[in-house]
Amino acid sequence: MRSFWKDKKVFVTGHTGFKGVWLTLMLHELGAKVTGYSSGIPTSPSIFELTKASELLVRDHRTDICDLNGLRQALQESGAEIVFHLAAQSLVRPSYADPFSTYSTNVMGTLNVLMAAYETDSVKSIVNVTSDKCYKNDELQISFSEDDKLGGHDPYSSSKACAEILSASIRSSYLQSKNKNLATVRAGNVIGGGDWATDRLVPDFMRAYSSGEKFKIRNPASIRPWQHVMEPVSAYLLIAEKNYQGPDFAEAFNIGPESSANCPVSDVVQMFLKYFPDHAGIDSAEMTIQVHEAKFLMLDCTKAKNRLGWKPKLDLEKAVKLTADWYRAEFDGKNLRNLSLQQIRDYL
C-alpha cells in the first residue's frame with residue numbers, strides 16, 4: 001500500500017466529515033498528496049478541527065458539490081489521479097425534514113463529481129461511497145448481496161439507491177470510454193473516534209455521558225453490521241488501487257464486518273458502558289419514533305473477500321475499545337491527531 005500511495009495526488013469530497021477525516025489521515029500516513037473539497041465543517045465538536053487535519057492537505061476547498069463549476073475547477077487544478085466521493089447528507093431522520101437538500105446533495109452532487117472526473121484528464125480511479133441502506137429492505141432478515149434490489153423507504157436510503165443507479169449509468173455511458181474506472185462501495189454502520197453527528201448511537205451516547213445525563217436508546221432492538229471506521233476506509237483504498245490498475249473492479253462492493261458483529265443496538269451500548277463506568281445510566285423509557293427506520297440490516301461481503309482479498313481485521317470488542325479510547329482521550333484533552341495516526345499505524 002505505501003509504495004502505491006506515496007506521492008499519489010488524491011481528491012476527497014466530504015473530507016471534513018467523520019469518514020472523510022479518517023480517510024485523509026490514512027492517506028497522509030501512506031504518503032499521498034490530498035486535496036479536500038467540502039461545503040464546511042458538519043459538526044461541533046469536529047474531528048476535522050480536533051485532529052487539525054487541514055494542516056495535512058495540499059488544498060482545503062470549502063465549496064458545495066452542487067457548484068459544478070467550482071468543483072470542476074478544483075478537481076482539474078488538483079491534478080488528482082484518484083477521487084474519493086464521500087460528501088453527502090448522511091442521516092436518515094434529517095432526510096425526512098429536508099428531502100430536497102438530501103436528493104440535491106446525494107444525487108445531483110454525485111452526478112457533478114462523476115462528470116467533473118470525466119472531464120478531468122488526470123483522473124483514473126474513482127470510488128463513490130454510498131451506503132448499506134441503498135437496498136430495498138423488506139425486513140426479511142437476510143444479508144444483502146450486491147445483486148439484490150435497490151430501493152429505500154426513507155429519502156436518505158432512496159437517494160443512495162439513486163446514487164448507485166446513477167453511478168452505473170455514468171460508468172457505462174461516459175467513464176469507460178476514457179478508461180476511468182468507477183466503483184461504488186456500500187459500507188455497514190461505522191463507529192470510531194471523532195463522530196459527533198446527530199442521531200447516531202455513539203455520538204448520542206458520548207453527548208449524554210459528557211453532559212452527565214442518562215442515555216436514551218432510540219431503537220435498542222435494531223440490528224446493524226457494526227465496524228470500526230478504519231475497516232471501510234482501508235477497503236476504499238484497496239478498491240481505488242485496483243481501479244487504478246484496470247477496469248476489472250469497476251463495480252459495486254459491500255464492506256461490512258463478520259457475522260458476529262451483526263448485533264442489536266442494546267448490545268453495543270453495553271460494551272461501551274464497560275469503558276465509561278461513571279455514566280449517569282440508561283433511560284429505559286420507550287422513545288416515540290416519528291419516522292420509519294429499518295430494524296434489521298446485514299450485509300453479505302463474500303464478494304469483497306473473494307474478489308478483493310479484503311476482510312475485516314477488528315472484531316466488535318476491539319472496535320468498541322478503539323472508539324472508547326479515542327473519546328476518553330478527547331475528554332482528557334490529549335493530542336487526537338497523534339492518537340488517530342497511531343491507531344492507523346497499528347491497524348495497517
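Loop, strand, cysteines and helix

Modeller: Ser145 is found in the loop that runs between β6 (143-144) and α7 (155-173). Keep in mind that this is a predicted model.

Colleague: Is Ser145 buried, partly exposed or exposed?

Modeller: Buried would need a relative accessible area under 20%, and exposed one over 50%. Ser145 has a relative accessible area of 22%, so this residue counts as partly exposed.

Colleague: Which residues does Ser145 touch, not counting those up to four places away in sequence?

Modeller: The C-alpha atoms of Ser145 and Leu299 are separated by 6.4 Å, although the two residues are 154 residues apart along the chain. Contact requires heavy atoms within 4.5 Å. With residues up to four places away in sequence not counted, Ser145 touches Tyr135, Asn254 and Asp300.

Colleague: Asn254 belongs to strand β12. Which residues point the other way from Ala252 and Asn254 there?

Modeller: Strand β12 covers residues 252-255, and its residues are buried. Ala252 and Asn254 point one way, and pointing the other way are Phe253 and Ile255.

Colleague: In β12, which residue is the bridge partner of Val185?

Modeller: Strand β7 (residues 181-187) runs parallel to β12, and 4 bridges join them. Val185 has as its bridge partner in β12 Phe253.

Colleague: How many disulfides does the structure hold?

Modeller: A disulfide needs two cysteine sulfur atoms within 2.5 Å. For Cys66, which is in no disulfide, the nearest cysteine sulfur is that of Cys162, 14 Å away. The sulfur of Cys162 has its closest cysteine sulfur in Cys134, and at 11 Å that is too far for a bond. The number of disulfides in the structure is 0.

Colleague: Are Cys66 and Cys162 buried, partly exposed or exposed?

Modeller: The relative accessible area of Cys66 is 32%, and Cys162 has 33% relative accessibility. Since buried is under 20% and exposed is over 50%, Cys66 is partly exposed, and Cys162 is also partly exposed.

Colleague: Which backbone nitrogen does the side chain of Thr323 reach?

Modeller: Thr323 lies in helix α12 (residues 316-331) and is buried, with a relative accessible area of 0%. Leaving aside neighbours within four places in sequence, its contacts are Ile191, Gly192, Gly193, Val202, His228 and Phe272. At 3.3 Å, the side chain of Thr323 reaches the backbone nitrogen of Gly192.

Definitions and conventions
Residues are numbered from 1 along each chain as its sequence is written. This is a predicted model: local features need pLDDT of at least 70, side-chain atom pairs count only at pLDDT 80 or more; totals for chains, interfaces and linings use all residues. Side-chain values use heavy atoms; hydrogens and water are left out. Buried means under 20% relative accessible area, exposed over 50%, partly exposed in between (1.4 Å probe, protein chains only). Helices (H or I, at least four residues) and strands (E, at least two) are DSSP runs, numbered from the N terminus. Two strands pair if DSSP finds at least two bridges between them. A polar contact is a pair of N or O atoms within 3.5 Å; within protein, one must be able to donate a hydrogen and the other to accept it, and residues adjacent in sequence count only if both atoms are side-chain atoms.
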